[in-house]
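Opened the file today and worked through it piece by piece. My notes follow, in the order I looked things up.

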Amino acid sequence: MQEINSLIGGFQVALTWFNLMLMFAGIVLGVIIGVLPGLGGANGVAILLPLTFSMAQQPGGTTSAIILLSCIYWGALFGGAITSILFNIPGEPWSVATTFDGYPLAQQGRAGAALTSAFTSSFVGALVAVLLITFMAPLVAKFALRFGPPEFFSVYLLTFCAFVGMSKGSPFKTIAAMMLGFALAAVGTDTVTGQLRLTFGYMELLKGFDFLIAVIGLFGIGEILLTIEEGLEFKGAKAKLDMRVVIDTWKELPKYWKTSVRSSVVGCLMGIVPGGATPASFMSYGLAKKMSRDGPKFGTGMVEGVVAPETAAHAAGTSALLPMLTLGVPGSPTAAVLLGGLLIWGLQPGPLLFVEKADFVWGLIASMYLGNIVGLIVVLTCVPLFAAILRVPFAIIAPVILVICAIGAYTVHNSMFDVWLMLVFGVMGYVFKKLEYPLAPLVLALVLGDRAEDSFRQSMLGSQGDLSVFFSNGLVGGITTLSLLLLFWPLLSRALAVIRGGGRPPTTTE
Amino acid sequence: MDETRQHKAVGSVRLWEIVVAAIFLAFGALVVYDSRRLGASWGSDGPQAGYFPFYIGSIICISAIVNLVTAAGRKGDGAKPFVNREQLKMVLVVMVPYAVYVGLIANPVYPLGIYEASVIFIAAFMRFLGKYSWLKIAVVSIATMVAFFLMFEVWFKVPLPKGPIEALLGFQ
């Protein structure tokens with residue numbers, strides 16, 4: 001029970017007045033970010049990351065900084081549910097499934113019940129995932145200590161192949177977007193030889209593309225442009241949450257324990273795989289619909305239909321931090337931004353983090369428990385306040401968000417060139433979204449590009465250019481095989497369907 | 001009549017798919033070219049600088065060609081409009097002033113700094129898209145930027161580009 005001791009130590013780190021204040025501030029900021037159009041977990045954290053630079057330089061400051069940023073993430077996860085239920089606008093892709101039953105509930109005047117069940121199930125999902133992290137992360141980290149460059153490269157390969165295998169759209173668009181991320185990551189000075197790559201004589205490109213700029217542009221500006229194009233007007237249901245509704249809903253919720261358990265498991269499993277939160281929420285909604293007695297009534301405003309996707313999405317969003325901390329492989333764009341934060345603060349995510357920075361890791365894990373409790377209290381008590389933000393007219397909120405994006409892009413390196421770059425990424429995000437090029441693999445490739453390349457080069461150096469090093473032992477061979485399986489999964493599943501269906505290709509339902 | 005004109009498409013989805021795939025192809029070729037220039041093979045001391053990007057560029061080219069062929073052969077929903085004129089107008093109404101705003105922050109002629117430029121940007125946005133009264137505009141835009149000023153310069157000590165007014169007040 002070494003984990004329990006470490007966790008108690010973590011609580012001692014996290015439980016200071018300063019950190020509790022940061023948690024509270026982070027959650028409130030996070031919910032606002034989750035509620036506002038154009039700001040989401042990933043770019044919200046990216047914009048606020050520079051604010052932690054000076055904080056992280058103080059002794060023990062990195063823990064406070066990660067507490068602030070991770071609480072923004074939890075807040076954004078909670079906030080997504082508010083817009084989905086009250087306004088039928090999913091703030092985040094993984095909240096889409098919440099609108100199916102959440103919005104009908106709100107229209108029937110049961111917004112309070114929908115919100116309470118959404119927040120409570122988010123909390124339950126997150127709690128299960130944090131428990132998983134508490135007990136699994138040290139094991140995974142210990143196991144990963146034995147990893148050499150080939151193993152790490154095969155894990156990166158697995159991450160990226162999982163994107164291709166699990167993407168709903170065209171696999172070649174996923175590959176193109178991902179490779180674009182790798183190519184952009186390669187721009188600038190080569191870390192090994194010191195040669196300039198892909199700069200074509202432009203001094204501004206020397207330091208390469210920062211993924212934070214890309215995140216702010218792609219997700220922030222791109223999202224705003226899409227919102228504006230639709231000429232969005234917010235028409236929402238009234239939000240009122242009094243204690244009686246909350247308690248009545250809480251009495252109802254234990255009935256759905258089976259759905260909660262199932263959704264938590266689905267969420268945790270999918271969350272460890274990159275890009276898992278959105279499919280997890282849909283999958284868990286689908287499973288609940290299939291297995292529940294009230295299944296046929298789903299979509300007309302069932303509390304259970306809110307419980308299922310919210311539990312899974314929050315569990316997945318939280319467990320996405322497990323591979324980020326233990327292997328240095330983020331499971332979601334927001335986890336990628338957090339990973340970028342660790343790198344900027346001078347921490348090396350990966351198995352050694354658990355040995356060298358145990359305080360930091362366990363402080364973070366303890367703050368996940370506390371942050372979600374604080375989050376649940378904040379959202380239950382302040383819903384009308386947050387819903388009021390959405391009633392601020394678009395002509396006021398949009399320019400303020402655009403200004404925030406510009407400031408966020410500037411503060412990363414104090415460079416105006418970055419702000420222009422963000423504009424370009426914004427237009428790119430808009431076009432990519434419209435043509436269904438996925439953005440998450442692009443961002444992850446941009447973050448992991450250098451590390452993936454380093455591990456590839458080191459593996460190649462060790463084997464003198466022989467690719468069979470990726471099959472040299474059971475572990476690395478297994479991961480590589482699994483990666484290739486996932487990579488060719490779109491082809492394989494089609495082939496299987498053809499064999500089973502007697503030569504008829506499956507109808508794609510995109 | 002009027003409605004059909006407003007909904008006139010600016011290029012079909014298929015056209016834009018082809019354009020984007022072609023840009024990907026060109027970019028991939030550029031990466032391959034630059035990697036070849038740096039050396040994409042095995043040097044005396046291991047893989048050369050262009051070794052990894054060379055493969056990345058090649059994969060971009062291959063997937064771009066697949067996307068190009070898929071898009072060119074796409075029927076049915078490929079003819080859907082990519083964006084209609086009204087939508088494009090809205091996007092440009094936001095993007096063009098935004099670019100002007102970024103230009104105002106820092107330029108060689110008269111840099112306004114982020115705070116002054118933001119006040120102007122928010123004010124213009126509220127005036128032309130929201131039709132608010134000047135009083136409301138002044139309150140919202142100036143209050144927002146004063147709050148940001150306090151947050152960045154005073155609280156978190158993150159310096160942003162400053163303009164003439166801050167210089168007058170003695171902030172550098």
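**Core**

Started with the largest nonpolar core: it has 226 residues, and A:V215, A:V443 and B:I60 touch the most other members. I'm keeping in mind that this is a predicted model. I checked what chain B brings in, and the core takes at least three residues from each of domain 1 (2-79) and domain 2 (85-169) of that chain. A general reminder to myself: in soluble globular proteins, nonpolar side chains tend to be buried together.

Next I picked A:V215 and asked which residues it is in contact with, leaving aside neighbours within four places in sequence. I got A:A42, A:N43, A:A46, A:P333, A:V337 and A:V443.

**Chain A against chain B**

Then I went to the interface. I find 47 residues of chain A in contact with 46 residues of chain B. Which elements give two or more residues to chain A's side? They are α9 (171-186), α10 (211-229), α19 (394-413), α20 (416-434) and α21 (440-463) of chain A. The top contributor is α19(A), with 11 residues. Sorting chain A's side by type gave me 33 nonpolar, seven polar and seven charged residues.

**A helix pair**

I looked at α5 (residues 61-87) and α16 (residues 333-344), both of chain A: their axes come within 11 Å and cross at roughly 170°. Angles over 145 degrees count as roughly antiparallel, so α5(A) is roughly antiparallel to α16(A). On the α5(A) side I noted A:I66, A:L69, A:S70 and A:Y73, which meet A:T334, A:L338 and A:G341 in α16(A). The residues of this contact split into four nonpolar, three polar and no charged.

**Positive phi**

Last, the backbone. Most residues other than glycine have a negative phi, so I flagged two exceptions for a closer look.

A:L198 has phi near 55° and is found in the loop between β2 (196-197) and α10 of chain A. Buried or exposed, with 25 C-beta neighbours inside 10 Å? The cut-off for buried is 20 or more, so A:L198 counts as buried.

A:N414 has phi near 50°, also positive in a residue other than glycine. I located A:N414 in the loop between α19 and α20 of chain A. A:N414 counts as exposed because it has 12 C-beta neighbours inside 10 Å, and the exposed class takes 12 or fewer.

Terms used:
Residues are numbered from 1 along each chain as its sequence is written. Chains are lettered from A and ligands numbered from 1 in the order in which they are written. This is a predicted model: local features need pLDDT of at least 70, side-chain atom pairs count only at pLDDT 80 or more; totals for chains, interfaces and linings use all residues. Two residues are in contact if their C-beta atoms, placed from the backbone, lie within 7 Å. Helices (H or I, at least four residues) and strands (E, at least two) are DSSP runs, numbered from the N terminus. Ala, Val, Leu, Ile, Met, Phe, Trp, Tyr, Cys and Pro count as nonpolar, Asp, Glu, Lys and Arg as charged, and the others, Gly among them, as polar. Axes are lines fitted to C-alpha atoms, for helices over the stretch in contact, and angles run from 0 to 180 degrees between N-to-C directions. Angles under 35 degrees count as roughly parallel, over 145 as roughly antiparallel, 65 to 115 as roughly perpendicular and the rest as oblique. A nonpolar core is a set of buried Ala, Val, Leu, Ile, Met, Phe, Trp, Tyr and Cys residues joined through C-beta atoms within 7 Å. Domain bounds come from an automatic or database domain assignment.
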